[in-house]
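Please look over the structure below before reading the notes. The points that follow are grouped by topic.

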Amino acid sequence: MSLTRKLILLITSTVFLITLIAAGWGFYVSDHQLEELFDAELAQSTRIVQGLVEHLSGTQSIDQLAITLSRTLELPDAVFQGDEEEDEILPDGAGHKYERKIAFEVWSPDQQPVLDTLRANDTQGLEPGFAWQEAAGYQWRTFTLQDPATGFWIRTAQREDVRDELSQEIALGNVLPFLLALPLLGLSVLTAIQVSFQPLRKLEKSVRNMAPEKIHPLDDRQAPKEVAGLVHAVNGLLKRLNQALERERRFSADAAHELRTPLTALRLNLEKVYGDNPEHYGDLIQSVDRMVYLVEQMLLLNRVDAGTDFTPEYHNLSAIIEQSIADVAPLALKKHIEPVLEDEAGQSLISCHSALINTLMRSLLANAIQYSPAHTLITTRLAPDGDGYAISVCDQGPGIPPEERERALSRFVRLDQRKGGGAGLGLAIARRIAELHHGHLVLTDRADGESGLCVNVWLPARYAASQPRPYGSFKVPGQ
């Protein structure tokens, strides 16, 4: 898992968890406090009725008191038309339909009903304080007290569903902003992390685009303090790697130069004695020739690695390929192999270094000739492809398994499936030349399904303005 994704998951999950806990606790506290407030309101309403009863009981009889309390505290059924659950004000300002969800009960000192809007008909077990009671199919929260001056019992009741609805709506309104802020908070965390990691992405891009022949230190000014030490360590590693590569290139070039002269002298001496004993010295001359070829390939590879600053010019790609085929024709005729050119491009001008492209083609053709059986064809196709040209060289040899093809493009690698006496540098040199021209080289099977290998090269028409294309993004000519 990437560090960015890990941080996003950890931070957002932690923030979400804390926010949800805070919202849940806030909802619980708000709901509890509102319940306390409703209980206090219930007790206050009961005391207001207590004061009314105490005032009226001194001047009215029980029957008159019942009529007065009913007219004052109980709305007639005629004013409730339609669904009483609707939250509406009654017509002509007669009240509110929620008044049906508040009830009052009054009993005389001898517990005779005086007023009963709750219609619970509970005359037994009157006790002061809060309680729950079921009536008319609902649970009611009640508060009961006895007036010490008059002896009357007064009770006020509220429907539980109304209390829960109001308390939960108010409590939810308190925590809803937290819940609505969670997506914005998550988006803010994501944006902050993405912005914070931008310097690391710039460093990653610098390393990813760094070529072996152009190793340079990373810009530590872009690095955050937390990774500055890592950047310095990487810069030290890059410096040592560049020095090692330079020593390797210098050693390869010096060794090849030093070996060329004694090998040439050795071959001349072997030629002098070859006539006396051809059977004995023939194998030695072939071994020396192979060593000379290896030295020449090493020198060529060294020049290609150092040839990144060449100045490209426009050349006819068709003419270069034709000249390359002509250069290897004697080698092909010696093995009774026929090279064939299928040119679909015509006057194909590209910005390139003609000598390097010629080397690329000769390496591919020589490699195909070396591993092709006698009396076969080597087909070279050239065709336009987007903003460049596609070249394919297909032989009828044993081919290379897909899992071995990338290794076959490495330096000094010769696979068992392709017998021959090469040095294992031909394909590596060809790919390096293609890369220097901002092109690509890939290995594929033949399109006709027959045995053999196709080496496919894409080269841009304009060297300076071209950009590298991903492997496999260009079509193979003839497929």
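This is a predicted model: local features need pLDDT of at least 70, side-chain atom pairs count only at pLDDT 80 or more; totals for chains, interfaces and linings use all residues.

The lining of the largest cavity consists, by class, of five nonpolar, one polar and one charged residues.

**Cavity**
- Searching the whole structure for cavities of 30 Å³ or more turns up one.
- The volume of the largest cavity is about 30 Å³.
- Its lining residues are Leu364, Asn367, Ala368, Val393, Asp395, Leu453 and Val455.
- Helix 8, which spans residues 354–371, contributes the most to this lining, with three residues.

- Strand 12 covers residues 454–460, and seven of its seven residues are buried, so the strand is largely enclosed by the rest of the structure.
- Side chains in a regular strand alternate between the two faces of the sheet.
- In strand 12, Cys454, Asn456, Trp458 and Pro460 point one way, while Val455, Val457 and Leu459 point the other way; all are buried.
- Strand 10 (residues 388–394) pairs with strand 12 in the antiparallel sense, over seven bridges.
- Within that pairing, Ile391 has Val457 of strand 12 as its bridge partner.
- Strand 11 (residues 440–444) also runs antiparallel to strand 12, and five bridges join the two.
- His440 has Trp458 as its bridge partner in strand 12.

**Gln158**
- Gln158 is part of strand 5, residues 153–159.
- Gln158 counts as buried because its relative accessibility is 10%, below the 20% cut-off.
- Leaving out residues up to four places away in sequence, Gln158 touches Phe38, Glu41, Leu42, Lys101, Gln139, Trp140, Arg141 and Arg163.

**Ala408**
- Ala408 belongs to helix 9, residues 405–408.
- With a relative accessible area of 8%, Ala408 is buried.
- Ala408 and Gly426 are 18 residues apart along the chain, and their C-alpha atoms are separated by 9.9 Å.

**Confidence**
- The average pLDDT of the chain is 78, and 79% of the residues score at least 70.
- Residues 465–479 have pLDDT below 50; in the model this stretch has 38 contacts beyond near neighbours in sequence.

Conventions. Residues are numbered from 1 along each chain as its sequence is written. Side-chain values use heavy atoms; hydrogens and water are left out. Helices (H or I, at least four residues) and strands (E, at least two) are DSSP runs, numbered from the N terminus. Buried means under 20% relative accessible area, exposed over 50%, partly exposed in between (1.4 Å probe, protein chains only). Contact means heavy atoms within 4.5 Å. pLDDT is the predictor's confidence in each residue, from 0 to 100. On a 1 Å grid over the protein atoms alone, a cavity is a set of points where a 1.4 Å probe fits but cannot get out, and a pocket is an open set with protein on both sides within 12 Å along at least five of seven lines; lining residues have an atom within 4 Å of a point. Grid points are joined across faces, edges and corners, and a volume is the space filled by probe spheres set on the points. Ala, Val, Leu, Ile, Met, Phe, Trp, Tyr, Cys and Pro count as nonpolar, Asp, Glu, Lys and Arg as charged, and the others, Gly among them, as polar. Two strands pair if DSSP finds at least two bridges between them.
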